[in-house]
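Morning, everyone. Let's take the pockets and then the interface. Here is the model.

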Amino acid sequence: MSNYRVIFEDPDFPEEPAKILVPAPEWLEQAMLGLLAPIWVHHQLKDAEELAIAEGRHTTFKHNPEHLALQFTAPRIDPLTEEEAIEYLIMKDIPKRVWAQQHNRQMFKIVRTEQVPSDRTFRDAWRLST
Amino acid sequence: MSTFIVENLAFGGTTAPVDSLVKGSTKMWAQYVMAGTATVNGSYNVSSLTDLGVGSPQLNLAIALSTSNGAMWNTPGFYTGTTAYAVQAGGRVSSTTTVLGYCGSDSTTRADWSLGSMGAIG
């Protein structure tokens, strides 16, 4: 289990509650063993799919097989520490608009797992504190 | 990485096209917790879970699917604590890298299950 969580808000949906990214233990193990493809492999796939969504052809969209195969065939990156793996995961699983653009306030924060409240009574009202 | 290119597999007198294995096998699964602090207990081809809010887990895939037209399932292990009873559940493959779960209660509201399972095929 990871010691970290990533709390983030989506600037395109400011009315939505803060979201929490939870790393999967098996993936984290792979990251620390050096079994991951370079991050650009995932970005290439995401960019192609986002373009299809923007052009209204998502239901018929199919990834380029060569780009898809790179997930398995691209040379693996070096083993990552847990902290580096979290940074990789942010770039892979959180929308680019959250972490790659400048905003007038912080849009994400890496926290220790125990810092995330376990009382979810008002979960849908959670915001990212600055 | 090596790739075997074959059309059929045979075992015990039964032959099946490899296509059925590729398209017919589970592409991802996860057992997750949404109550308290959201957690992934165990998974296959999942890099993370995004807790989007009450009863709204999103699983992020480690390896992308070729299309987003797959099928999925989302079932409660425990609704709350160790209580297990029939509740409403749903979800969808929302993109080639994300599978959304909708975790319901026995009414029309969403709920944070104590234990849930999700998987996708396609």
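First, what counts as a pocket: on a 1 Å grid over the protein atoms alone, it is an open set of points where a 1.4 Å probe fits, with protein on both sides within 12 Å along at least five of seven lines. Lining residues have an atom within 4 Å of a point. A volume is the space filled by probe spheres set on the points, which are joined across faces, edges and corners.

Ground rules. This is a predicted model, where local features need pLDDT of at least 70, side-chain atom pairs need 80 or more, and totals for chains, interfaces and linings use all residues. Residues are numbered from 1 along each chain, chains are lettered from A in the order written, and side-chain values use heavy atoms, without hydrogens or water.

The largest pocket holds about 1300 Å³ of space. Its lining has 39 residues, with Phe72(A), Val22(B), Lys27(B), Ile63(B) and Ala64(B) nearest the centre.

The second largest pocket has a volume of about 880 Å³. Here 30 residues form the lining, and Asp10(A), Pro95(A), Arg97(A), Gln58(B) and Thr98(B) lie closest to the centre.

Now the interface. Contact, meaning heavy atoms within 4.5 Å, takes 35 residues from chain B and 36 from chain A. How many salt bridges cross it? Three, by the rule: a side-chain nitrogen of Lys or Arg within 4 Å of a carboxyl oxygen of Asp or Glu. Arg120(A) and Asp51(B) form a salt bridge, at 2.7 Å from N to O.
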